[in-house]
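Please keep the sequence and the structure in view while reading.

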Amino acid sequence: MRCCRLWWLKGLSNHTHDKAVNRCILLVSPPESYRIQPFVRAAHSLGLEINLASQGEWAISSPHSAGVDVPLQDHEAALAVLGKLASTKHFDAVIGTDDSTLELAAKLAQQTGLQQNPPSAVRIARRKDLSRTCLQQAGIQVPWFTVAKVTENSPVDDPHIHFPCIVKPLALSGSRGVIRADSNDSLEQGVRRSLKIISQEYDLYEKTHLLIEQFIPGREFAIEGMLSDGHLDVLAMFDKPDPLDGPYFEETFYISPARITENERQLIIETVQKSCAAYGLITGPVHAECRLNENGAWLIELAARTIGGLCSRLLNFGTGYSLEELVLANAIGMKLPKQVSSGAAGVLMLPVRKEGVLRRVEGVMKAEKIPYIDDIEISLREGYKVYPLPEGASYLGFVFSSAPDAGTVEHALRDANRLLNPVIAPFWPVVEGKKEASAETAAG
């Protein structure tokens, strides 16, 4: 039986804010989330006590932690345990870190009277089919779309589908399962491939349905914002300088500030603000992706959470605070002194180009010496099995840069990218009746 772990982690630093004293946050997170550590660090920096509800087969204890077990996938059971805990221990806010825990966190906040987004709004933001319908009903520009029930032996047969189109899982993130189709044949292939990816989903509807929508050409931008009483404060807007035209949609470069006119910037912000209102989102972090073309701004995605990967580090450059510090402060109504930074910053997310076993990434020391490169972090260890999109769910690592202007940041990141050489060895499928070789042996 999988269970939930609850850790009590309390720490103060020299940067403790007086208003944060005796404030307590409940963080609800899957165990594999890379967001846990940044949130814990942020809580320590702000002088907050942080309680972490997570999931795993074994409880973890240490001098700084203790645990209580509940089935995290069962919302009713989880709410019973966490609600009882909240009745004896005062929480000032509850925060879901990832898509899979946002709705549970919102339900708990609603049950305990804490400020949060309505569970219905969080669900709309997580589910691509619900969000498209919601935006359409609100009169916001959306591409043509349909929701198709799919099985391995039942291809999509809809005469209204126009090409090019996009096949999307209803509730996955990071472009997993997202495939462009330019013909009936490629649509059938894309549906079958995406179907295999969603077959492991927990929700029956989400594992048997796909969103098919019109492909929207244009420049793509990412927006990181914070909602307070329904008002959107844009923390950063990022360029995505590489074209994202498919057939798969791996993201590589994020550059801020976005190289865009003020009118274009306001058009994107207005679209994201209206979309938040349509969903019913009122508070907390927002990560949105928009495309801009001659027909205006198109919302591609909008999530009620922070940006993925380690990209949140870019917010330190623009605001003087980590993104997690901003989220925690927003959740308890803490006002942080504004800090304005000049210049530009960016990140290169190192994509997985082929399937296999990661042996090493060569050229890191040379790339670190390039002017304006701040840090290179290889996230995956040697021996880790990796898969490219649309099946893949991990980046190899992240390269960070800051410079006087966005163009210099982009050049530095591209120079670093040319020097980095991921070495990925093939791995061989297990043959029935033969002893399974380890990944290391197969990669040998």
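Contact here means heavy atoms within 4.5 Å. Helices (H or I, at least four residues) and strands (E, at least two) are DSSP runs, numbered from the N terminus. The model is predicted, so local features need pLDDT of at least 70 and side-chain atom pairs count only at pLDDT 80 or more, while totals for chains, interfaces and linings use all residues. Residues are numbered from 1 along each chain as its sequence is written, and side-chain values use heavy atoms, with hydrogens and water left out.

**Helices α2 and α3**

- In α2, His75, Ala78, Leu79, Leu82, Gly83 and Ala86 meet Glu103, Leu104, Lys107, Leu108, Gln111 and Thr112 of α3.
- This contact of α2 with α3 comprises 6 nonpolar, 4 polar and 2 charged residues; Ala, Val, Leu, Ile, Met, Phe, Trp, Tyr, Cys and Pro count as nonpolar, Asp, Glu, Lys and Arg as charged, and the others, Gly among them, as polar.
- The axes of α2 (residues 75-88) and α3 come within 10 Å and cross at roughly 45°; axes are lines fitted to C-alpha atoms, for helices over the stretch in contact, and angles run from 0 to 180 degrees between N-to-C directions.
- The two helices α2 and α3 are therefore oblique to each other, the class left once angles under 35 degrees (roughly parallel), over 145 (roughly antiparallel) and 65 to 115 (roughly perpendicular) are set aside.

**The largest cavity**

- The largest cavity has a volume of about 210 Å³, a volume being the space filled by probe spheres set on the points, which are joined across faces, edges and corners.
- Its lining has 18 residues, of which Ile95, Gln116, Thr283, Gly284 and Pro285 are the closest to the centre.
- Two or more lining residues come from each of β4 (93-96), α3 (99-112), β12 (284-293) and α9 (323-332), and β4 supplies the largest share, 4 residues.
- By class, the lining of the largest cavity has 10 nonpolar, 7 polar and 1 charged residues.

**The second largest cavity**

- The second largest cavity has a volume of about 80 Å³.
- Residues lining the second largest cavity include Arg126, Lys128, Tyr279 and Glu301.
- β13 gives the most to this lining, with 4 residues.
- The lining of the second largest cavity divides into 5 nonpolar, 1 polar and 5 charged residues.

Notes. On a 1 Å grid over the protein atoms alone, a cavity is a set of points where a 1.4 Å probe fits but cannot get out, and a pocket is an open set with protein on both sides within 12 Å along at least five of seven lines; lining residues have an atom within 4 Å of a point.
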